[in-house]
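Welcome, and thanks for taking a look.

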Amino acid sequence: MNPETLMAFAGRHPMLSLALVGLTLAIVYTEIARLLRGYTSLKPAELPALMNQHGALVVDLSAIADFEKGHIAGSRNLTPSQFDPQGKLLAGARQSPVVLVCRNGMASTAAARKLKKAGFEQVYWLDGGIGAWQAASLPLVKGRA
């Protein structure tokens with residue numbers, strides 16, 4: 001395929017060409033934003049190693065009732081309304097790894113942004129949340145931590 005053939009195609013199909021350019025730019029923008037955001041996603045299988053080897057603090061942002069139905073062993077519960085980077089639970093963890101978990105992985109990304117903005121150095125979020133944890137057949141603990 002040579003440049004003349006591509007230009008001829010673009011001339012005959014301007015909408016397809018614009019769609020291709022738009023999608024390409026969107027993908028490039030998304031990947032650059034992901035690299036620059038400052039926090040990292042974790043797969044469920046990576047979390048136990050981070051907890052055991054580096055003493056990661058796991059903060060579950062689920063509602064209290066959902067937390068009591070099932071949570072990752074060793075995690076601490078803060079509802080999104082209670083979440084404060086300056087709060088006593090997070091105060092001593094500025095240099096330690098902090099992993100944010102929620103039910104589906106959406107609320108934890110917003111909290112990760114807040115932690116990075118507050119100066120936390122090692123911020124992670126569990127990609128897919130508790131749902132992904134369960135899908136990976138990893139255990140949950142019931143009751144209050």
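Two strands are said to pair if DSSP finds at least two bridges between them. Helices (H or I, at least four residues) and strands (E, at least two) are DSSP runs, numbered from the N terminus. This is a predicted model, where local features need pLDDT of at least 70, side-chain atom pairs count only at pLDDT 80 or more, and totals for chains, interfaces and linings use all residues. Residues are numbered from 1 along each chain as its sequence is written, and side-chain values use heavy atoms, with hydrogens and water left out.

**The sheet**

- Strands S4 (residues 97-101) and S5 (residues 122-126) run parallel and are joined by 4 bridges.
- Within this pairing, Val99 has Tyr124 of S5 as its bridge partner.
- As background, strands of a sheet pair through backbone hydrogen bonds, either parallel or antiparallel.

**Strand S2 and its neighbours**

- S2 pairs with S4 in the parallel sense over 4 bridges, and Leu57 has Val98 as its bridge partner in S4.
- S2 also pairs with S3 in the parallel sense, over 2 bridges, with Asn77 of S3 as the bridge partner of Asp60.
- Leu57 and Val59 point one way from S2, while Val58 and Asp60 point the other way, and all are buried. Here, buried means under 20% relative accessible area, exposed means over 50%, and partly exposed lies in between (1.4 Å probe, protein chains only).

**Helices against the sheet**

- Ser108 lies in helix H6 and counts as buried, at 0% relative accessibility.
- Which residues does Ser108 touch, not counting residues up to four places away in sequence? They are Leu61, Leu100, Val101, Cys102, Trp125 and Leu126, where contact means heavy atoms within 4.5 Å.

**Salt bridges**

- The structure holds 2 salt bridges, each defined as a side-chain nitrogen of Lys or Arg within 4 Å of a carboxyl oxygen of Asp or Glu.
- One joins the side chains of Lys43 and Asp127, at 3.1 Å from N to O. This pair links distant parts of the chain, 84 residues apart: Lys43 is in the loop between S1 and H3, and Asp127 is in the loop between S5 and helix H7 (129-135).
- Lys43 is partly exposed at 47% relative accessibility, and Asp127 is partly exposed at 27%.
- Asp60 forms a salt bridge with Arg103, with the closest N and O atoms 3.7 Å apart. Asp60 lies in strand S2 and Arg103 in the loop between S4 and helix H6 (107-117), so this pair ties together parts 43 residues apart in sequence.
- Asp60 is buried at 0% relative accessibility, whereas Arg103 is partly exposed at 29%.

- Thr79 lies in the loop between S3 and helix H5 (88-91) and is buried, with a relative accessible area of 12%.
- Not counting residues up to four places away in sequence, Thr79 touches Leu61, Ser62, Ala63 and Ile64.
- Ala63 is in the loop between S2 and helix H4 (64-69) and is partly exposed, with a relative accessible area of 39%.
- From C-alpha to C-alpha, Ala63 and Asp84 are 15 Å apart in space, and they are 21 residues apart in sequence.

- Leu6 is found in helix H1 (residues 3-12) and is partly exposed, with a relative accessible area of 45%.
- Leu6 and Ser17 are 11 residues apart in sequence, and their C-alpha atoms are 9.6 Å apart.
- Leu35 is in helix H2 (residues 14-36) and is exposed, with a relative accessible area of 63%.
- Val28, Ile32, Leu35 and Leu36 make a nonpolar surface patch of about 430 Å². Patches are made of residues with over 30% relative accessible area and no salt bridge, where like charges are joined within 9 Å and nonpolar side chains (Val, Leu, Ile, Met, Phe, Trp, Tyr) within 5 Å. Accessible areas come from the Shrake-Rupley method with a 1.4 Å probe, and for residues only the protein chains shown count as cover.
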